[in-house]
Amino acid sequence: MNNFIYENKTKVFFGKGCAKEFLTCLIKDYDNIMLAYGQGSVKKNGIYDEILSILMKEEKNVVEFSGIMPNPTYRKVLEGVQLVKEHQVEMILGVGGGSVMDCCKAVSLAGRYEGDAWKNFWDRRGIIDFEPIPLGVIVTAAGTGSECNGAAVITNEKEKRKTGYDYPACNPKFALMDPTYTYTVPRIQVASGAFDSLSHMMETYFSQPDATNVSDEIAEALMRSVIKNLRQVMKEPENYTARSNLLWDASMSENRLIKMGKRCDFTCHLMEHQIGAYTDCNHGQGVAVLQPVYYRHIYRDGLSKFARFAENVWEIPWEGKTEQEMTAAGVDALAEFIREMELPTTLRELGVTDQKQLETIAASCHFSMGAYRRISSEEILEIFQECY
Ligand code: NZQ
Ligand code: ZN
């Protein structure tokens, strides 16, 4: 294992009814609260009414910050910052999926900073020597694990760049996670979110060191759990146990735990973020398109780990297979699962309409220092062309 420091300040309240039970006590020290949410799902499914009634009962001054879009933009962050300053917001309460949570983290950071926040915290990794505005999140969609980390993935539309660093100081103070809140997530988003979690696990697992370590063992258990519980939720959307597992799997994929002692790859994420910056595509669907193709490019650089993935995650028997055959069977099983979950398999399905644009996107991608092999811009373009 490599050396590491582990820190996670988010306090998690998990289970049916947790918002009703705990929110009052968690907001007791704040009067001016910003209630932030997305593009309307919380109003349709009743979560907004449930949360607002708690805030009203406690006689809080509520400032609403609505309309946070999937793939939140830096412009939207600045809109939130302005509201925070105008209304002396003391706490931000974000109710939604990864996009709402990320936008709220960004507002909590930029809202207490006088300089150029994009330049100093997104364009490059910065140092946070002040307390961001306290943030609490109420999770409505499983997937990103944003509730338990300090990353705010934001798109700068002008610069055509989607990026974010994990700053421990930006972890939410608390996360309320009620699996029943995820029952109304559209089917395709359930699959996208779960695949995003699986992708976080794979991007961590397929990196050095590979010598037996507990992080990889946990990652294998989590990957099996996502696969099993996503299948179950697809059959039975209101299966509480399966929803609970998917929701907690997602947090575990990004609460830093399985990354300890690992270099971490995240090449697929870096590629997907740039496709997103240019096309606004759905994040989980983007990594689903890229991952099998990327792995067919690099598996020879990590053969024994890919064979272990086939055996321990997809439960494929060796039965006389060579390591190479075993590896290929594991990546095939992953690709088949993506089809089974009706996730897209081409960039065109994601809305990439201009094949020529792929050159520009490939040239804008950043590289991962943690990958088994560092791929070039030319190879990224090859991968994009194969995915097209
Ligand atoms: O906007 P609303 O109306 O709320 O609708 C959302 C949105 O349309 C809907 N939704 C969420 N909860 C719902 C619901 N619909 C019905 N019922 C509910 N209970 O789902 C749609 C997608 O929501 P979004 O938050 O965009 O999805 P997700 O959770 O996948 O977040 C994606 C964003 O997170 C970033 C992605 O890049 C992307 O911008 N990521 C953040 C990470 C992090 N902070 O650690 C890591 C990830 O790798 C990822 O990059
Ligand atoms: Zn992701």
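Student: Which backbone N or O atom lies 3.0 Å from a nitrogen atom of ligand 1?

Tutor: That atom belongs to Tyr 181. Keep in mind that this is a predicted model.

Student: How much of the ligand does the protein bury?

Tutor: Taken alone, ligand 1 exposes 960 Å². The protein buries 89% of that.

Student: Which elements give two or more residues to the shell around ligand 1?

Tutor: They are α5 (98–110), α7 (187–205) and α10 (267–279). The largest share comes from α5, with 4 residues.

Student: Which residues come nearest to ligand 1?

Tutor: There are 31 residues around ligand 1. Gln 39, Ser 41, Gly 98, Ser 99 and Lys 162 come nearest.

Student: How does the shell split by class?

Tutor: It has 19 polar, 8 nonpolar and 4 charged residues.

Student: Where does ligand 1 lie relative to the domains?

Tutor: Between them, because domain 1 (11–182) and domain 2 (187–387) both give residues to its shell.

Student: Stay with the domains. What separates their centres?

Tutor: The centres of domain 1 and domain 2 are 27 Å apart, taken over C-alpha atoms. Their contact takes 29 residues from domain 1 and 26 residues from domain 2.

Student: Back to α5. Is Val 100 buried or exposed?

Tutor: Val 100 is found in helix α5. Val 100 counts as buried because its relative accessibility is 4%, and the cut-off for buried is under 20%.

Student: What is Val 100 in contact with, leaving aside neighbours within four places in sequence?

Tutor: Its contacts are Ala 36, Tyr 37, Gly 38, Ile 68, Gly 94 and Val 95.

Student: How far is Val 100 from Val 139?

Tutor: Their C-alpha atoms are separated by 9.2 Å. Along the chain, Val 100 and Val 139 are 39 residues apart.

Student: New topic. Where is Lys 76, and is it buried or exposed?

Tutor: Lys 76 lies in helix α4 (residues 74–86). At 8% relative accessibility, Lys 76 counts as buried.

Student: What does the Lys 76 side chain make a polar contact with?

Tutor: The side chain of Glu 79, at 3.0 Å. Leaving aside neighbours within four places in sequence, Lys 76 is also in contact with Phe 65, Ser 66, Gly 67, Ile 68, Met 69 and Cys 103.

Student: Which side chain does Thr 346 join in a polar contact?

Tutor: Glu 349, at 2.8 Å. Thr 346 sits in the loop between α13 (323–340) and α14 (347–350).

Student: And what is Thr 346 in contact with, leaving aside neighbours within four places in sequence?

Tutor: Val 289, Cys 387 and Tyr 388.

Student: Where does Ser 377 lie?

Tutor: Ser 377 lies in helix α16 (residues 377–387). With 24% relative accessibility, Ser 377 counts as partly exposed.

Student: What does Ser 377 touch, not counting residues up to four places away in sequence?

Tutor: Ser 377 touches Ala 362 and Phe 367. The C-alpha atoms of Ser 377 and Ala 363 are separated by 5.8 Å. Those two residues are 14 apart along the chain.

Student: Let's do backbone geometry. Where is the cis peptide bond?

Tutor: It joins Gln 208 and Pro 209, with omega at about -10°. Pro 209 is found in the loop between α7 and α8 (214–235).

Student: What about phi at Lys 160?

Tutor: Phi there is positive, about 55°, although Lys 160 is not a glycine. Lys 160 is in the loop between β6 (154–156) and β7 (161–163). At 34% relative accessibility, Lys 160 counts as partly exposed.

Student: And what is phi at Glu 315?

Tutor: Glu 315 has a positive phi of about 55°, and it is not a glycine. Its place is in the loop between α12 (303–312) and α13.

Student: Why does Glu 315 count as exposed?

Tutor: Because its relative accessibility is 58%, and exposed means over 50%.

Notes
Residues are numbered from 1 along each chain as its sequence is written. Chains are lettered from A and ligands numbered from 1 in the order in which they are written. This is a predicted model: local features need pLDDT of at least 70, side-chain atom pairs count only at pLDDT 80 or more; totals for chains, interfaces and linings use all residues. Side-chain values use heavy atoms; hydrogens and water are left out. A residue is near a molecule or strand if one of its heavy atoms lies within 4 Å of it. A polar contact is a pair of N or O atoms within 3.5 Å; within protein, one must be able to donate a hydrogen and the other to accept it, and residues adjacent in sequence count only if both atoms are side-chain atoms. Accessible areas come from the Shrake-Rupley method with a 1.4 Å probe; for residues, only the protein chains shown count as cover. Ala, Val, Leu, Ile, Met, Phe, Trp, Tyr, Cys and Pro count as nonpolar, Asp, Glu, Lys and Arg as charged, and the others, Gly among them, as polar. Domain bounds come from an automatic or database domain assignment. Buried means under 20% relative accessible area, exposed over 50%, partly exposed in between (1.4 Å probe, protein chains only). Contact means heavy atoms within 4.5 Å.
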